[in-house]
Amino acid sequence: MSASFKAHHLLGIKDLHLDDIQLIFQTADNFKEVINRPIKKVPSLRDVTIVNLFFENSTRTRISFELAEKRLSADVLNFSASASSVSKGETLVDTVKNILAMKVDMVVMRHPMAGASMFLSRHIHAQIINAGDGTHEHPTQALLDAYSIREKTGSLKNVKVVIVGDILHSRVALSNILLLQRLGAKVMVCGPLTLIPKYIEELGVKVETDIRKALQWCDVANMLRIQMERQDIRYFPTLREYILQYGVSKQLLETVNKKIIIMHPGPINRGVEITSDVADSNQSIILDQVENGVAIRMAVLYLLAGKKATA
Ligand code: CP
């Protein structure tokens, strides 16, 4: 464990001290320089074995963690629930204990149930990184989002960020709210009231249902997709009406008298929450977020493993 990094696991933003967050960002600055070199690999995690346990689909997070681990020279195992003995009735704890018995050092886990990483942390000794647990938290996404904003604005202090869309089912929203506020940003959520959790104002965020007012207020708009896979009832009449009320297009952005930074954690549903001319515009930092995700995850893995920097 690094002398100054306090966290033992990364289960959620709630567990991170401000010093830990600053250290993650400083370390990510070093690793971002590394991954832009012709030789992108460093030996920092040689002899560390990491398993990526994905009980839910992922493109960006799974590949980003795997790449981060390989850039750090870790030994990497990939597990997907559909090809495992989970389908034969094995419990989460038994599955992980069996994997750890093979001398695995760290666990990166995505799971559909909120609290799964926390639950696992009470049953195993290996370090755990939460790669998304149900509708609860997605801490590395929030870290890479905040890092990407800071890269553009220099600081998060007093930066106004609106998170737009399906806040109710979004782990990205909760982790972003907690982290951005910790770093001094002002946060608003915007969407239909049916997709905004009751009492969310108690977290200190503003609530706005009018996208035009939200865009006038903000410096940064983080656009979320509608999480259809987590919805068992209808939260708005039709997708067409949602697009008309909350979809962000170039035309809509042109009504705002400043250049807002556009973000999206992915996967994008083009033509729903944002149009292609916004997603692909020079206001969009969506692919910067993806690039920064590798550096942030390298930093988190490196600091949790407690190795000396070789970057
Ligand atoms: N942003 C994010 O978590 O994307 P994936 O679901 O593709 O990992």
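**Notebook: the ligand shell**

I sorted the shell around the ligand by class and got one nonpolar, six polar and two charged residues. My classes: Ala, Val, Leu, Ile, Met, Phe, Trp, Tyr, Cys and Pro are nonpolar, Asp, Glu, Lys and Arg charged, and the others, Gly among them, polar. The model is predicted, so to speak for the record: local features need pLDDT of at least 70, side-chain atom pairs count only at pLDDT 80 or more, and totals for chains, interfaces and linings use all residues. Residues are numbered from 1 along each chain as its sequence is written, and side-chain values use heavy atoms, with hydrogens and water left out.

Next I listed who surrounds the ligand: Ser58, Thr59, Arg60, Thr61, Arg110, His138, Gln141, Pro265 and Gly266 (a heavy atom within 4 Å counts as near).

Why does the ligand lie between domain 1 and domain 2? Both domain 1 (13-136 + 290-305) and domain 2 (139-286) give residues to its shell, so it lies between them; the bounds come from an automatic or database domain assignment.

A polar side-chain atom of Thr61 sits 2.6 Å from a ligand oxygen. A ligand nitrogen is 2.8 Å from a polar backbone atom of Pro265, and a backbone N or O atom of Gly266 is 3.3 Å from a ligand nitrogen. The protein buries 91% of the 250 Å² that the ligand exposes alone (Shrake-Rupley, 1.4 Å probe).

Last, I looked at the backbone: the peptide bond from Gly266 to Pro267 is cis, omega near -5°. Most peptide bonds are trans.

Note on methods:
Polar contact = N/O pair within 3.5 Å; in protein donor to acceptor, adjacent residues only side chain to side chain.
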